Amino acid sequence: MANQWGQKAEELEISNKVAGLGLNKSIKSLNQTTDSEESADNANPADTSLLMKIIRQGLVESKLDIEIQRKDPNSPLYSVKTFEALHLKPNLLKGVYAMGFNAPSKIQETALPTLLADPPQNMIAQSQSGTGKTAAFVLAMLSRVDPTKNYPQVLCLSPTYELAIQTGEVAAKMAKFCPEIKLKYAVRGEEVPRGTKITDHILIGTPGKMMDWGVRFGMFDMNKIKVFVLDEADVMIDRQGHQDQCIRIHKCLPTTCQMMFFSATYDTAVMEFAEIIVPNPIIIRLLREEESLDNIKQYYVKCKSPEEKYTAICNIYGVITIGQAIIFCHTRKTASWLSEKMSSDGHSVAVLSGELTVEQRIAVLDRFRAGLEKVLITTNVLSRGIDVEQVTLVVNFDMPMDLDRKADCETYLHRIGRTGRFGKAGIAINLIDSSLAMQICSDIEAHFGKKIQLLDIEDAEEIEKIGA
Ligand SMILES: Nc1ncnc2c1ncn2[C@@H]1O[C@H](COP(=O)(O)OP(=O)(O)OP(=O)(O)O)[C@@H](O)[C@H]1O
């Protein structure tokens with residue numbers, strides 16, 4: 001059965017998974033601001049997570065420490081350096097190795113012994129995208145199942161259809177040698193006739209479907225659920241609709257149910273919510289590798305119009321040798337105007353903005369990574385998460401600002417900052433065409449305490465110096 005289920009995941013090739021699923025529609029409906037070409041083009045968090053998952057090429061290793069908080073000092077806590085030390089069922093261990101995992105990742109070292117311990121421990125875990133969270137909770141889910149009992153024992157909630165499918169695929173692969181474990185997607189399109197009792201052991205899906213099956217139609221007994229996983233907890237809880245559904249599902253779970261919340265980020269409100277609904281949790285956080293502005297030479301150029309901004313970019317290009325560049329615009333309209341202008345002047349340009357499906361975004365990023373285009377013009381759909389080593393120049397065609405038109409320092413950092421892994425030197429150029437943009441630039445300078453120098457774009461010698 002696990003195979004059959006795995007087959008379903010495999011049948012859904014990336015193109016099927018991400019295209020034609022109304023994702024484009026969901027981007028628009030979830031994020032009103034992307035509706036107009038002329039309004040700020042921002043990222044939808046669920047789409048960003050999906051994009052990150054799909055484009056990731058492997059594990060993000062971290063040398064940073066894990067921070068652990070536990071309310072109950074008696075709860076066991078130890079870490080493992082090998083998967084054998086977890087005493088998994090042999091076929092599960094075989095599945096883990098078949099996936100090419102030789103040793104637990106940093107977050108897995110700490111999370112797994114706790115997740116597998118008896119009596120079960122609740123956990124709230126945070127670590128950045130790509131550090132092995134999904135693999136950790138999926139392994140815990142599979143380990144907890146008693147396959148001799150034919151009813152749902154594990155629920156795993158994801159914010160969207162596509163993210164649920166991603167998690168399901170990991171579970172299917174890991175359970176490859178455990179055909180006795182039955183898994184089922186609780187997502188749109190999956191129908192169970194009324195009056196049927198679900199016999200699968202693990203349900204992975206979205207809150208609406210899970211509510212319908214478990215709470216509204218009683219297709220399984222919520223009281224028998226042993227493990228409840230909330231994946232992408234920040235995205236789940238951030239959206240009011242999901243938060244209500246999560247609470248309603250959670251209320252029907254037995255007090256003995258083990259809760260596992262996993263997320264790349266938790267803002268304060270989300271963490272407060274998590275701590276309310278997860279009794280006595282062990283909280284683990286893998287400190288994230290922060291971006292920094294060290295190694296980045298920052299400049300601003302005064303311009304009077306978008307045309308002058310364009311000329312500024314051309315002047316810079318004419319004088320210094322640039323590996324690859326990313327240019328950030330505020331709206332889709334500006335992004336497409338700029339790309340047309342640059343293309344007609346013979347630059348090889350790619351555009352990545354909010355109207356593209358996740359599949360199209362991946363294609364654009366793949367081409368850019370491969371160096372097929374030298375310039376990537378984008379909006380805030382890509383402020384974070386693209387570590388392209390060869391990018392040497394970042395241009396803020398429009399300065400990042402929040403909804404109150406104030407400096408958005410965090411976005412600025414994500415746009416131009418580098419992590420230690422990609423710590424090569426870079427150049428950032430801010431194009432300033434209004435007093436508001438100037439104000440934002442000064443606020444950013446003050447915020448980071450790092451000088452942003454004026455660059456005279458007419459002066460080739462000066463431009464040459466920045467490339468040196
Ligand atoms: N122990 C491991 N050894 C090698 N590769 C691993 C290990 N654990 C996970 N991976 C791989 O690393 C990548 C990232 O893992 P995973 O998807 O579990 O991260 P994540 O933290 O859940 O990311 P996200 O926040 O985007 O969901 C995947 O390709 C996964 O197959």
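## How H13 and H14 pack

Let's start with a helix pair: H13 passes H14 in a right-handed crossing, meaning that the near helix is turned clockwise from the far one by less than a right angle. This is a predicted model, in which local features need pLDDT of at least 70, side-chain atom pairs count only at pLDDT 80 or more, and totals for chains, interfaces and linings use all residues. Residues are numbered from 1 along each chain as its sequence is written, and side-chain values use heavy atoms, with hydrogens and water left out.

The axes (lines fitted to C-alpha atoms over the stretch in contact) of H13, residues 306–319, and H14, residues 332–344, come within 11 Å and cross at roughly 50 degrees. In contact (heavy atoms within 4.5 Å) are Pro306, Glu307, Tyr310 and Ile313 of H13 with Trp337, Leu338, Lys341 and Met342 of H14.

## The chain overall

You will find 18 helices and 15 strands here, taken as DSSP runs (H or I, at least four residues, for helices; E, at least two, for strands). Of the 468 residues, 54% count as buried, that is, under 20% relative accessible area with a 1.4 Å probe, protein chains only.

## Backbone spots to look at

Most residues other than glycine have a negative phi, and most peptide bonds are trans. Asp118 and Pro119 are joined by a cis peptide bond, with omega about -5 degrees. Pro119 sits in the loop between helix H6 (106–116) and strand E2 (123–126).

Asn280 is not a glycine, yet its phi is positive, about 50 degrees.

Definitions and conventions: Axes fitted to C-alpha atoms, helices over the stretch in contact; angles between N-to-C directions. Buried < 20%, exposed > 50% of the residue type's maximum accessible area, 1.4 Å probe, protein only.
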